[in-house]
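Open the model in your viewer and keep the sequence panel beside it. This tour tells you what to select at each stop and what you will find there.

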Amino acid sequence: MFQCSLFILPNIGGRSNTVKLVLCGMAFNAVCSAFTGYIIYNSKNIEDIQSITFWLMGSLGMANWKDIMFVLPISIICIILFLVHYRVLNIMLMGDNVAITLGLDIQKYRKFFLPLNAVLVGLAVYSAGVIGFVGLLIPHIVRIFCWYRPQRFVAYSRISWSNIFNLGRCFL
């Protein structure tokens, strides 16, 4: 439902652009956070509150092979699709104006990459809880060092995420 709204709302008043997509995402985040807070506030059972809080923090401690076997094939397919389209991703990184000037139908590719990305993020949150969302920060840091080349970017992101996660486990 929310993902469908993320396709509709940014297109109000003209074509969508990156700023509209980010602002709509932030608005939906605020709505979902408020809804979660409302549920926690109105809960009468202490065990439910603890369960929700534990899920919100996330953990890899509850990971099992059943979840991994569900997540792994879908993740591999999504990552391969991103790698196959690395040239389009490179052009999209240059900005909307450059992509349109080079003849790229940016709306078509946004409609392709947004759900694909949502699937990957959803799988990360499904398997590890919200701590899987931390993985979204790592690619933005790694992109600076990869010179915006998706061929290297995916591998370096995976290695960096696992190293930073393990480093965090040593200190926390």
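## Stop 1: The core

Select C78, F82, V88, L89, A99, L104, I106, Y109, F113, L116 and L120. These 11 residues form the largest nonpolar core of this predicted model. Which helices each supply at least two residues of this core? They are helix 4, helix 5 (86-93) and helix 7 (106-128). Helix 7 gives the most, with 5 residues.

## Stop 2: The whole chain

Now zoom out and show the chain as a cartoon. How many helices and how many strands does the protein chain have? The count is 9 helices and 0 strands. Trace the chain from the N terminus, and the elements run α-α-α-α-α-α-α-α-α.

The protein chain exposes about 12200 Å². Carbon and sulfur atoms supply 71% of that area. The chain has 172 residues, and buried residues make up 23% of them.

Next, think about contacts. Take those between residues at least 6 apart in sequence. Of these, 58% join residues at least 24 apart.

## Stop 3: Helix 7

Select residues 106 to 128, which make up helix 7. This helix has 23 residues. From its first C-alpha to its last, helix 7 reaches 32 Å. That is close to the 33 Å expected at 1.5 Å a residue.

Which residues of helix 7 are buried? Color I106, Q107, Y109, R110, F113, L116, L120, V121, L123, V125 and A128 to see them. Several also belong to the core from the first stop, among them Y109 and F113.

## Stop 4: The salt bridge

How many salt bridges does the structure hold? There is 1. To find it, select R110 and D96 and show their side chains. The two side chains meet at 2.9 Å, N to O. The pair links distant parts of the chain: R110 sits in helix 7, and D96 sits in helix 6 (residues 96-101). The two are 14 residues apart.

Side chains of opposite charge can pair when their charged atoms come close.

Are R110 and D96 buried or exposed? R110 has a relative accessible area of 9%, so it is buried. D96 has 17% relative accessibility, so it counts as buried too. The cut-off for buried is under 20%.

## Stop 5: Along helix 4

Select residues 65-84, which form helix 4. Then pick out W65, I68, M69, L72, I76, I80 and V84. Together they form a nonpolar patch on the surface. The patch has about 730 Å² of accessible area. Look at I80 in particular. Its relative accessible area is 46%, so I80 is partly exposed.

Now move to L81, also in helix 4. L81 is partly exposed, with a relative accessible area of 28%. Which residues does L81 touch, not counting those up to four places away in sequence? The answer is F112 and L116. Draw a distance between the C-alpha atoms of L81 and L116: the two are separated by 8.6 Å. Along the chain they are 35 residues apart.

Go on to L83, which lies in helix 4. L83 has a relative accessible area of 33%, so it is partly exposed. Draw another distance, this time from L83 to R152. Their C-alpha atoms are separated by 9.9 Å. The two residues are 69 apart along the chain.

## Stop 6: Two loops

Select N64. It lies in the loop between helix 3 and helix 4. N64 is at 34% relative accessibility, so it counts as partly exposed. N64 and S127 are 63 residues apart in sequence, and 8.8 Å apart in space, C-alpha to C-alpha.

For the last pick, select S43. Where is S43 placed? Its place is in the loop between helix 2 (18-42) and helix 3 (46-57). Is S43 buried or exposed? S43 is at 19% relative accessibility, so it counts as buried. Leave out residues up to four places away in sequence, and S43 touches D48 and I49.

Methods: Residues are numbered from 1 along each chain as its sequence is written. This is a predicted model: local features need pLDDT of at least 70, side-chain atom pairs count only at pLDDT 80 or more; totals for chains, interfaces and linings use all residues. Side-chain values use heavy atoms; hydrogens and water are left out. Patches are made of residues with over 30% relative accessible area and no salt bridge: like charges are joined within 9 Å, nonpolar side chains (Val, Leu, Ile, Met, Phe, Trp, Tyr) within 5 Å. Accessible areas come from the Shrake-Rupley method with a 1.4 Å probe; for residues, only the protein chains shown count as cover. A salt bridge is a side-chain nitrogen of Lys or Arg within 4 Å of a carboxyl oxygen of Asp or Glu. Helices (H or I, at least four residues) and strands (E, at least two) are DSSP runs, numbered from the N terminus. Buried means under 20% relative accessible area, exposed over 50%, partly exposed in between (1.4 Å probe, protein chains only). Contact means heavy atoms within 4.5 Å. A nonpolar core is a set of buried Ala, Val, Leu, Ile, Met, Phe, Trp, Tyr and Cys residues joined through side-chain atoms within 4.5 Å. The expected span of a helix is 1.5 Å times one less than its number of residues.
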